[in-house]
Amino acid sequence: MHYSPILSPQPMHVPDGFLSVLVSLVFWALSVFVIGIALRKTNQSLGEREVPLMGVLAAAIFAGQMLNFTVTGGTSGHLLGAAIAVILLGPWPAILVMTSVVSVQALLFQDGGILALGANIFNMAILGVAVSYAVYSLLSRLFKRQSWGLFAAGFGAAWSSIFVASLALALQLSLSGTSPANIAVPAMGAIHALIGIGEGLITTGALAFLYAARRDLLKRGEARPAGNRGLLVGGVLAALVLAVLSPLASSNPDGLEWVAEQNGFLETARSAFFNIIPDYSLPGISNPALATIAAGILGVVIVFSMTYAIARADKRTPAQESMQR
Amino acid sequence: MQELYAHSHSGIHRLDARVKVIFTLAFVLFLSLAPARAWPAYILFLSLVLSAAVLSRLGIGFVQKRALLALPFALAALPLIFTGPPPTVLLPVFPGLQLSYSPDGLGRFASIALKSWISVQAAILLAATTRFPDLLFALQQLRVPKIFVAIVGLMWRYLFVISEEVLRLLRARASRSASLPGARRAGGSVAWRARVTGGMAGSLFLRSLERSDRVYSAMLSRGYNGELPAAESTPLAPADRRALALGVILLTFLWLLSLLTGG
Amino acid sequence: MDPIINIDRLSFHYPDGKQALFEISLQVARGEKIALVGANGAGKSTLLQHLNGIIEGSGQIRIDGLEVKKVNLGAVRALVGVVFQNPDDQLFSPTVFDDVAYGPIYQGLDKQAVKARVEQALAAVHMGDYAARNPYHLSGGEKKRIAIATVLSMQPQILVFDEPTAALDPRARRELIELLHELPQTMLIATHDLEMVKTLTPRTVMLHQGRVVADGPTAAILADEDLLKTYGLW
């Protein structure tokens, strides 16, 4: 049984090409900013244990994403892990752990793009963590008296982390002009509302095991004053904003104004280019069909000559060796 | 679980990891900056990445096999075909049902799918020609915070060990997943199966927490005090610098070409 | 009398090409207790994992006449219970009861039947009082017994063990060996524990680098110093 880490392409790790450069860079900036805060806070709270604890747990979450259960026939559900990370480690370390997981998924396994990594980190490692932290804190306090309070809180936290992250992705896609919001938001939302149930159930199962084995470990996810308040508030705000924004965006079939602005930016760049080189017209470029064919031929020639050169080099080497004997 | 790195003796493998990281990032960036429907430019970007596949001696097929993974996401952009800007054509699909088809939208969809497919090939080559520790070191030299690099490094170290544990958990579960003769439906309910999987996850995380304690003790025993050794940063070799400069110039040229031919 | 396990020219190689088993043939009669010995890397674990279809090699394996192939795996796993080396990998539920109940629940039995099976299985391993306990907190020996119970609750006809006495303290080991004596099922036990082999299993099969190099009465095989030395067991 050899399991690949990507059992099926995960619907939330967006590859390159789907988010516009502007959106990608904005979310890179946001992610880097929050990760910086997370690094400082984690260093304060964990000190030296930070590296071994985060590293091994990140490996566990990454590997744990291979744990699956059959839903029906061919489909299976599995785990993202943001909620469990928050409950076990607290929010700031959870951000670092999930960032590591998402980054390695992108860099090593192409699960998610490189330019898009900023957005993926933001959605899953930051928003997912913040929202599950907020939901877990609120629900566990709300249901403090019930014996099932912990599990309801865990389920809610896990489900929200997936659902809200998918809303964020849908909005990013529509801001990029890739998917119209009135399709992306409901589609992403609906799919991930279902996937979130699986995440919720697995998280509850994990909590049940941990509650039975090491109850003391489940304390860190609860809201602590001072240091974490910012994230708590942030998580609640983000969830609310997305909840309000998504239906608004959906009702506007053309997406938001930003798309037009982005196309405008490109138009500006092009006209600037043409201004510098006024009457410049490459023969054939003005005719798109010819230009495409020319590029195709050029491309084939390039690749073929590379292949030929490599093949020649391979053939020559053993001969060279025998000459040197 | 297998890592992607595939060893071979090629100029690309030998390139400094920093060059490869920066170039791959620039490649994806310039490709993303290209407007829609710049087909000639896309073709040249593609031939650039295919040439790299050939030069790395890993072969085009090697890259293509993995590149298909990115494609299912293209479904997200599919609606563009129907919701794109005018001019649109109304296609009768069923009696009484018409779909509006926008050629402009189709062009945008194809552009997105193509750009995504080409980008993922570049990412595959980066991972396949660079050993992960070298990749991490390059990131560290490129000013990614030391702590973060250390965490990812340790994660990578234990990834395969813990994956083996997961395989054993799955194997143990499979061994107890049997059926009885007769019409009885096997498998329990979906909710039960999900909770059992959760139990496996919980058990895995608990053991990993304890493992991290042991790793911490081992690190302390070898003098670890929270300080991470500074990376001795060597400047880029002239050959690597030239390769990088050449690459970026080439990418800029391709991007300008795309501005001319797209939109 | 037909053998309950019939392995016919089983070969297996890993995806990377390395050959692990070479044309292994083996017959086990109903009720037999057999030891599978060999140096590390001989292929013992690999062979065991073929018996319930976790791994699929070339050749044929029949369990009680049923061929081990994909379409039969559900039925095969009800016949063959495999107990792996590390009990932590097998105990993944919050309570002992839940762990032992997994098999019967999966098989689709109703609540009363599940409860009955669990109680029987726990009684068979002498751990009837442990149903509500959390497996995580048990000692190594206790975990091993529970792991066996998780398999017994499916009422298999054959029990397969991978290094059952590994990492057990002397008393836990002794108690485990006594338990294995008691259980009536056909048993195939991969082990390094030659002392246990002497007392428990009348027949021994020796593997070396993926091949069967000896198969016969335990007393004779374990007394043959040259044989043991040649194949890395001395």
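These are my notebook entries on a predicted model.

**Confidence**
I started with the scores: ipTM is 0.89 and pTM is 0.82. For chain C I looked up the mean pLDDT, which is 92, with 100% of its residues at 70 or more.

**Chain B against chain A**
Next I checked how the two chains meet. I found 87 residues of chain B in contact with 87 residues of chain A. On the chain B side, I listed the helices that each supply at least two residues: α2 (17-33), α3 (39-55), α6 (103-129), α7 (132-141), α8 (146-175), α9 (190-221) and α10 (238-261). The top contributor there is α9(B), with 22 residues. I also sorted that side of chain B by residue class and got 60 nonpolar, 19 polar and eight charged.

**α7(B) and α8(B)**
Two of those helices made me look again, α7 and α8 of chain B. Their axes sit 10 Å apart and the packing angle is about 170 degrees. That is over 145 degrees, so I noted α7(B) and α8(B) as roughly antiparallel. From α7(B), the residues involved are B:Phe132, B:Leu136, B:Leu139 and B:Gln140. They meet B:Lys146, B:Val149, B:Val152, B:Gly153 and B:Trp156 of α8(B). By class, I have this contact down as six nonpolar, two polar and one charged.

**α2(A)**
Is α2(A) mostly covered or mostly open? Mostly covered: I find 15 of its 15 residues buried.

Terms used: Residues numbered from 1 in each chain as written. Chains lettered and ligands numbered in written order. Predicted model: local features only at pLDDT ≥ 70, side-chain atom pairs only at ≥ 80, totals over all residues. Contact = placed C-beta atoms within 7 Å. Helix = DSSP H or I, 4+ residues; strand = E, 2+ residues; numbered from the N terminus. Nonpolar A, V, L, I, M, F, W, Y, C, P; charged D, E, K, R; others polar. Buried ≥ 20, exposed ≤ 12 C-beta atoms within 10 Å, placed from the backbone. pLDDT = per-residue confidence, 0-100. Axes fitted to C-alpha atoms, helices over the stretch in contact; angles between N-to-C directions. Parallel < 35°, antiparallel > 145°, perpendicular 65-115°, else oblique.
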